[in-house]
Amino acid sequence: MKRKINCETARNFSVEEALEKLGHFPKKTTEKEAWFLSPFRSETQASFKVSKTKNRWYDHGEGIGGNVIDLVCKILKCSIKETLEFLNDGIANNSFQQQPISRKNHTGVNIIKVQDIIHPALIQYLNSRGITKTIANIYCKEVWYKNKDSDFFAIGLKNNKGGWELRNKIFKNSSSTKSYTYFQNNNNKQVIILEGMFDLLSLATLDDNLLKTSDILVLNSISFINDIEKHISKYTLVHLYLDNDSTGHKATQYLISKYKISIDKSSSYKNYKDLNDLLSHEKREDI
């Protein structure tokens, strides 16, 4: 029988190994440290450092750090109890990872198959966030990908440079090249700007008609704010659905101050972090 770990023993679990179990792999390693792309946001330059000697992590982009328990709690947005279960059992038996397949070792994310969303585990994950398979299949795909010597599958949103934003119950990942996603409907004069995949799917669930009569820009990372500005000038109205946090508010104020045609729509989910938080709450109340 596998012995359960507690907080004290869990802190000895390798931060680097925990990141690999979560689908994040180092971009650069030395004897004493490893550098990763931050698991908390999209970036192109690795700013997330793991000290191998201290078994601690530090995210230079956010100015925060900690031990392996802090890390898993933050990435998975779960409790300490759930984190201990994750560290104790790993993800070998989780429905989102197949058993390891013996192939040549690869680094990074390599897409191996793209299809409509049909896997029961992904459909269950969508339902848990208030999204139907029908809505998700309009904008997203089921994407199978290889990371090192294992195969994984996730809900994928394709971006403008051919890369994929990848989400499932356990992993938040992406393939190269990172960019925003742009859906253009013919001759629309208004555009909707959203932060991420589940904001898009949530708005499609809450107000499908608005999306059908608008163009859509999904940032996939707040860092792409400047990249999308070249598209804004052709519109007469911009709807902003960014997160109710300091970063989202800052980006919203920046766009409103620069483009007077912009409207902050976050008041429609003012008591929630984002659109999916609102949708999930409404779905729970309906049960």
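This is a short tour of the model, stop by stop, with what to select at each one.

**Before selecting anything**

The model is predicted, so local features are taken only at pLDDT of at least 70 and side-chain atom pairs only at pLDDT 80 or more, while totals for chains, interfaces and linings use all residues. Residues are numbered from 1 along each chain as its sequence is written, and side-chain values use heavy atoms, with hydrogens and water left out.

Colour the chain by pLDDT, the predictor's confidence in each residue, from 0 to 100. The chain average is 86, and 90% of the residues score at least 70. Now select residues 90–107, where pLDDT stays under 50. The model has 38 contacts for this stretch beyond four places in sequence, a contact being heavy atoms within 4.5 Å. Where pLDDT is low, the predicted coordinates should not be read in detail.

Helices (H or I, at least four residues) and strands (E, at least two) are DSSP runs, numbered from the N terminus. Two strands pair if DSSP finds at least two bridges between them.

Zoom in on strand 2 (residues 33–36) and strand 3 (residues 48–51), an antiparallel pair with four bridges. Here Trp 35 stands opposite Lys 49.

Show the side chains of Phe 36, Phe 40, Phe 48 and Trp 57, which form one aromatic cluster. Rings of Phe, Tyr and Trp (its six-membered ring) pair if their centres lie within 6.5 Å; planes under 30 degrees apart count as stacked, over 60 as edge-to-face and the rest as tilted. The count of aromatic pairs by this rule is nine. Phe 36 and Phe 48 are an edge-to-face pair because their planes stand at 90°, with centres 6.4 Å apart. Phe 36 is in strand 2 and Phe 48 in strand 3, twelve residues apart. Buried means under 20% relative accessible area, exposed over 50%, and partly exposed in between (1.4 Å probe, protein chains only). Phe 36 is buried at 0%, and Phe 48 is buried with a value of 0%.

**A stacked pair**

Go to Tyr 241 and Tyr 269, a stacked pair 6.4 Å centre to centre with 15° between the planes. Tyr 241 lies in strand 14 (residues 237–241) and Tyr 269 in the loop between strand 15 (262–264) and helix 11 (275–286), so the pair ties together parts 28 residues apart in sequence. Tyr 241 is buried at 6% relative accessibility, and Tyr 269 is buried at 1%.

**Strand 13 and its partners**

Select strand 13 (residues 215–218). Asp 215 and Leu 217 on one side, and Ile 216 and Val 218 on the other, are all buried. Strand 11 (residues 181–183) runs antiparallel to strand 13 and is joined to it by three bridges; Thr 181 has Val 218 as its bridge partner. Strand 12 (residues 190–194) runs parallel to strand 13, with four bridges, and Ile 192 stands opposite Ile 216.

**Charges over rings**

A charge sits over a ring if NZ of Lys or CZ of Arg is within 6 Å of the ring centre and within 35 degrees of the ring normal. Select Lys 113 with Trp 144, where the distance to the ring centre is 4.9 Å. Then select Arg 129 with Phe 198, where that distance is 3.9 Å.
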